[in-house]
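Thanks for coming. I will take you through one structure this morning, starting with a single side chain and moving on from there.

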Amino acid sequence: MKLRILVGMLLIVMAVAGCTNDNMSDSTKEKQNEEKKQDIKVVEEKSYKYDGKFTYSAIIKNESKKTLNINDLKINYINKKDQVDKNNIEASVRVAPYILKPGERAYISAEALTDLTKLNYDVKMTLPNVKPANDVLKLEVNKNSVKINKDIQDDETIYAVGTVRNNTKKFAEYTMIGAGMYGKNHEFIGTAFGESKDSLKPGDSSSFDLSSQEIPQKELDKVKTFSVSATTYFNK
């Protein structure tokens, strides 16, 4: 099923002069909101219904001119009437990286263990508050090093390894890894997450592990390539 992202609360809007007019009608306000720039764009998305599970993967892009903190991103499943399920099903969400500079992408995974397989559900992605972002640095990933680890076998989980280098001038205490997984024709299959095994001084390299869970094994078997993002953060 091709999922729709409802952007009613996903819009990160810019202040518009004159919007403080208390006499402005609700319809006028609604029209202006619809015309405001959508700062977050869904680039890729894929869902799977199987074995009593409902899982969702996506890649989103920051199309604004500011750095965004999306750590509070939430995902709910909604019915055909665009209403949140009566059981208020909120998926367990993973995001990496969670701080995006203009033009950067983030990888998202959402898992719900409630049985939704017999119902027709879509996804509602919400970003309640945009917080001031910390400093973020993107580290260098050796693309040729990223490979599926065939020594580890586990149903419905894929494991991959790779190498990341600290190409900045700052010490990286930890590194957050997010990845998109693609088939032989570059079709989007899902997302994977991990971290480096070591802290990195400027110029140092380290291996990292990636894993992706709750995707049918027959889909994971199609994975041929990865697009990987490695980041580290600093408090201002």
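Is glutamate 140 buried, partly exposed or exposed? With a relative accessibility of 38%, glutamate 140 counts as partly exposed. On that scale, buried means under 20% relative accessible area, exposed means over 50%, and partly exposed is in between, with a 1.4 Å probe and protein chains only.

Before going on, a word on where this comes from. The model is predicted, so local features need pLDDT of at least 70 and side-chain atom pairs count only at pLDDT 80 or more, while totals for chains, interfaces and linings use all residues. Residues are numbered from 1 along each chain as its sequence is written, and side-chain values use heavy atoms, with hydrogens and water left out.

Back to glutamate 140. Its side chain meets that of arginine 165 in a salt bridge, at 3.0 Å from N to O. A salt bridge here is a side-chain nitrogen of Lys or Arg within 4 Å of a carboxyl oxygen of Asp or Glu. Glutamate 140 is in strand S9 (residues 135-148) and arginine 165 in strand S10, so the bridge ties together parts that are 25 residues apart in sequence. Strands are DSSP runs of E, at least two residues, numbered from the N terminus. Arginine 165 is partly exposed too, at 31%.

How many salt bridges does the structure hold? There are three. Another one joins aspartate 209 and lysine 197, at 4.0 Å from N to O. Aspartate 209 is in strand S13 (residues 205-213), and lysine 197 is in the loop between strand S12 (188-196) and S13, 12 residues apart. Lysine 197 counts as exposed at 54%, whereas aspartate 209 is partly exposed at 35%. There is also the bridge between lysine 222 and glutamate 219, at 3.5 Å. In that pair, lysine 222 is partly exposed at 40%, and glutamate 219 is buried at 11%.

Now the aromatic rings. The structure holds three aromatic pairs. Rings of Phe, Tyr and Trp (its six-membered ring) pair if their centres lie within 6.5 Å; planes under 30 degrees apart are stacked, over 60 edge-to-face, and the rest tilted. Why is the pair of tyrosine 174 and tyrosine 233 called tilted? Their planes are at 45 degrees, with the centres 6.4 Å apart, so the pair falls in the tilted class. Tyrosine 174 is partly exposed, at 36%, and tyrosine 233 is buried, at 8%. Together with Tyr98, these two tyrosines form one aromatic cluster.

Tyr98 leads us to the nonpolar cores. A nonpolar core is a set of buried Ala, Val, Leu, Ile, Met, Phe, Trp, Tyr and Cys residues joined through side-chain atoms within 4.5 Å. The largest has 28 residues, and Tyr98 is among those with the most contacts inside it, as are Tyr56 and Met125. Strand S2 gives the most to this core, five residues. A second, separate core of 23 residues includes Leu139, Ala172, Phe208 and Ala230.

Last, serine 229, which is in strand S14. Serine 229 is buried, at 5%. Leaving aside neighbours within four places in sequence, serine 229 is in contact (heavy atoms within 4.5 Å) with Pro97, Tyr107, Lys138, Met176, Ile177 and Gly178. That is where I will stop.

Conventions: Helices (H or I, at least four residues) and strands (E, at least two) are DSSP runs, numbered from the N terminus.
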